[in-house]
Amino acid sequence: MRETLLSNCEREFIKKAVADKRRIDGRQAYDYRHLKISFGVERGCCQVEIGDTRVMSQVSCQVVEPKQARPADGMLYINVELSPMACPSFEAGRLSDFGVEINRLLERCLKESRCIDTESLCIVAGEKVWEVRVDVHALNHDGNLIDACSIAAIASLAHFRRPDITVSGDEITIHPASERDPVPLSVHHMPICVSFAFFEQGKFLLVDPTDKEEKVMDGRMVIGMNKHREICTLQITGQMLLLKDQVLRCSNIAVVKVTEITELIHRALENDRHERSKGGKFGFAETVCKEKLTTNQKTSTPLDMDTVEGQMATEYLHGSDESDSDSHITSSEDDDDSVVIMDSGVGSIGLGGKNTWNVDDEMEELKDEGTKKSTQKSQKTNIDKPVPGAGNQGYSSEEETTEILGQTAAKQTTESNRKKKRKS
Amino acid sequence: MEIEEFIFQNKIIGKYFFFLLSVLGLHYFHLNDFYLQYVPVRGESVIGIVTNKGGDVFRVDIGGSEMGSLSYLSFEGATKRNRPDVKVGDIVYCKMLMAMKDMEPELVCIDSTGRSAGMGVIGRDGGFLHCCSLNLIRKILSSDCPLLKLLGKTLPFEITVGMNGRIWVRARTSTQTITVINAISTAEYMDNTQISAMCKKLSEAFIEVD
């Protein structure tokens, strides 16, 4: 299936925003999205969410004959599957270029770095060894699948338990979980991939790109590293040339990120172990927060006002008794660029000049009052009145009087009387 | 009088329910739910992305199951000699001329009098296109949602809302554009009081940057 083409407008905007050091979701250039690791009921089942990107991995094992060249080594087999569930442009079955890239990357990162001790997987040298298989499925693709897959793979390998085995002469007994506790794999270290997206020939870089940023980027660099600062894999793709110091800078950033992520994995494993030993409930169902309607759709996006800069506007929100929740901004006549508010819902920005439609006498009078906040003005505003129980608060800007029920109606009439007195 | 037959759990009850509503005078109603994919409806204004030019027709992606077709001549002032300046990847704001379930949808960028009425290529000079769910679109366009008006009091911005779940926003700077887009998407599950509170917080924190 085809994927929606990225429009020129979005492309230009993202490039410009990256040059201004801004990201669409408000992150800083080196920030990861919200990372959540959860384990399932079955041993070796792990689900990782980075923002909206979601992957799930499952580890399983079976007894096989070892390879001829390495008779005393077990085998680790990694498989990443990209299905159309994750993204409409992924084809079912056939592995695309990107699929091959992820598979190869994870193989290098996990197998060739020897994060799992394969010699401990040997049962009878030359005859029987354990083959451990990690299957990673991409459930949703919103950018940065590589990081998510690597975290899921290593977390599930650390979570997995294989059946215990006793060898007596020629007989091998594989004990089921009910007889003997399953045994964990011996994980030497946890290699984790960190992705960097580059823009404008390597001038700007972002960590953890989202889907849109990935479509606009010039190229990507993936550093696989563990918390002992050992680089397990390094890969650069795309049409760009990087300088030496950029690569070094990225590896320094990766050290910090990998330490944080490894800490997170350990904490998640510890929580899961604690729950299991306590006899409490564990698994995916328990990680879902049940009280909220939007529990599986959206994590709460905090409104971050700190990164927004500017100078404070003068004279606003002079709280009168009834409109302290009013966000009505009064104008300052000097500044050309500021919004000139004529009336509630009616305003003009410097260039256009005064509003020439429906200019009533009342509005003229309001404008002439200038910047002085008056209680009469507040009567005209028809917004921001959290009146309990009032559903429709009448937000159309054409209305001159508000439909606020209850006690404020009385106040209104007194003020309109006052206003009439002023007029005359 | 049109009674749209929605696929209800029990179709017969659905028909009677809608008949009842139409007897009460309500002739158009929506069952509001969380929808992401757009189903083309005649007469709705949508934002499309031009993916292809061929023959006399642009192929426009409107987020539905089929691509829409937009003829070269459906622009204001376009003739066979005077072709509109539309490139692949441009965003167009257009109206659905024809949307039937058996045929591919047709779009136009002029109204019945031949004027563009704001339609046509948008986003030439900046702005950002954001995709969201259809119920959010209906919510912000409804008359009792204060979001756009309140946001507009603090941040002057230009906005085009397509009924297919796409919003194009342009404010003075990219920061402001991002702020507006995030404010709109976080307002999806907020009620009016929360929206007002959020806009008030924004107005306190944020003022125009030159």
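**Figure 1. Aromatic pairs in the predicted model.** Over all chains, the structure holds four aromatic pairs; rings of Phe, Tyr and Trp (its six-membered ring) pair if their centres lie within 6.5 Å, and planes under 30 degrees apart count as stacked, over 60 as edge-to-face and the rest as tilted. The pair of A:Phe13 and B:Phe128 is tilted, because the ring centres are 4.8 Å apart and the planes stand at 35°. A:Phe13 belongs to helix H1 (residues 8–19) of chain A and B:Phe128 to strand E7 (residues 128–131) of chain B, so this pair joins two chains. Helices (H or I, at least four residues) and strands (E, at least two) are DSSP runs, numbered from the N terminus. A:Phe13 is buried, with a relative accessible area of 4%, and B:Phe128 is buried as well, at 2%. Here buried means under 20% relative accessible area, exposed over 50% and partly exposed in between (1.4 Å probe, protein chains only). This is a predicted model in which local features need pLDDT of at least 70 and side-chain atom pairs count only at pLDDT 80 or more, while totals for chains, interfaces and linings use all residues. Residues are numbered from 1 along each chain as its sequence is written, chains are lettered from A and ligands numbered from 1 in the order in which they are written, and side-chain values use heavy atoms, with hydrogens and water left out.

Figure 2. The rings of B:Phe58 and B:Tyr72 have centres 4.6 Å apart and planes at 25°, so the pair is stacked. The two residues are 14 residues apart and link distant parts of the chain: B:Phe58 is in strand E2 (residues 57–61), B:Tyr72 in the loop between strand E3 (68–71) and strand E4 (91–98). Both B:Phe58 and B:Tyr72 are buried. Ring pairs link these two residues and B:Phe75 into a cluster.

Figure 3. Three strands of chain B, in the order E7-E9-E8, form an open sheet with antiparallel pairing; two strands pair if DSSP finds at least two bridges between them. E7 and strand E8 (157–162) stand at the edges with a single partner strand each, so one side of each is left without a neighbour in the sheet. From one strand to the next, the twist averages 20°. Four bridges join E7(B) to strand E9 (residues 166–171) of chain B, where B:Trp168 is the bridge partner of B:Leu129. H1(A) lies across E7 and E9 of chain B and runs at about 110° to E7(B). Helix H4 (residues 174–186) of chain B packs on the sheet, touching E7, E8 and E9, and its direction makes about 145° with that of E9(B). Contact means heavy atoms within 4.5 Å; axes are lines fitted to C-alpha atoms, for helices over the stretch in contact, and angles run from 0 to 180 degrees between N-to-C directions.

**Figure 4. The buried face of helix H1 in chain A.** The buried residues of H1(A) are A:Cys9, A:Glu10, A:Phe13, A:Ile14, A:Ala17 and A:Val18. Seen down the helix axis, they fall within an arc of 155°, so they line one face of H1(A); the arc is that of the directions from the helix axis to the C-beta atoms. Just after the helix, A:Lys21 takes a positive phi of about 60°.
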